[in-house]
Amino acid sequence: MNFVHFVLKQQTIESSVFWAQKILEKIENPRFEAEFLLANLLAVELSFLRTNRKKVLTVLEKERFFRAIKKRSKNIPSAYILGKKQWSGFEIRVNKNVLIPRDETEVLVEHIK
């Protein structure tokens with residue numbers, strides 16, 4: 001499905017996640033990746049996506065999601081796509097010039113405290 005078709009066609013949360021899973025099939029856990037990106041782009045919890053699967057996305061929401069999924073399908077990390085990473089209770093802004101903090105280092109920080 002190309003960009004114009006995706007954006008012009010009515011898309012629900014459920015159909016958008018289903019579409020994204022197919023695009024991300026080569027990435028580990030494509031459903032979680034799709035839901036994680038969509039939840040962040042909509043600024044909602046994952047539970048909202050799962051309980052509001054029939055909610056229709058706006059054109060702007062579909063456009064942002066389409067672009068994010070295309071980037072993720074090229075193995076660009078989600079943190080770079082979203083421009084942020086949750087780490088050790090902080091939201092850290094990241095871009096291609098910043099290393100993404102690894103989850104494993106949270107364990108080190110907790111151990112040092």
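Trainee: How many bridges join β1 to strand β2, and how do the two run?

Mentor: In this predicted model, 4 bridges join β1 to β2 (residues 90–93), and the strands run antiparallel. Two strands pair if DSSP finds at least two bridges between them; strands are DSSP runs of E of at least two residues, and helices are runs of H or I of at least four, numbered from the N terminus. Residues are numbered from 1 along each chain as its sequence is written. Local features need pLDDT of at least 70, side-chain atom pairs count only at pLDDT 80 or more, totals for chains, interfaces and linings use all residues, and side-chain values use heavy atoms, without hydrogens and water.

Trainee: Which residue in β2 is the bridge partner of Q86?

Mentor: The partner of Q86 is E91. The two strands form a hairpin with 2 residues between them, and S88 in the turn has a positive phi of about 50 degrees.

Trainee: Changing topic, how many aromatic pairs does a search of the whole structure find?

Mentor: The search finds 3 aromatic pairs. Rings of Phe, Tyr and Trp (its six-membered ring) pair if their centres lie within 6.5 Å; planes under 30 degrees apart count as stacked, over 60 as edge-to-face and the rest as tilted. W19 and F66 are stacked because their centres are 5.4 Å apart and their planes at 15 degrees.

Trainee: Which helices do W19 and F66 lie in?

Mentor: W19 lies in α2 (residues 13–23) and F66 in α5 (residues 59–73), so the pair ties together parts that are 47 residues apart in sequence.

Trainee: Is W19 buried or exposed?

Mentor: W19 is buried, at 6% relative accessible area; buried means under 20%, exposed over 50%, and partly exposed in between (1.4 Å probe, protein chains only). F66 is also buried, at 7%.
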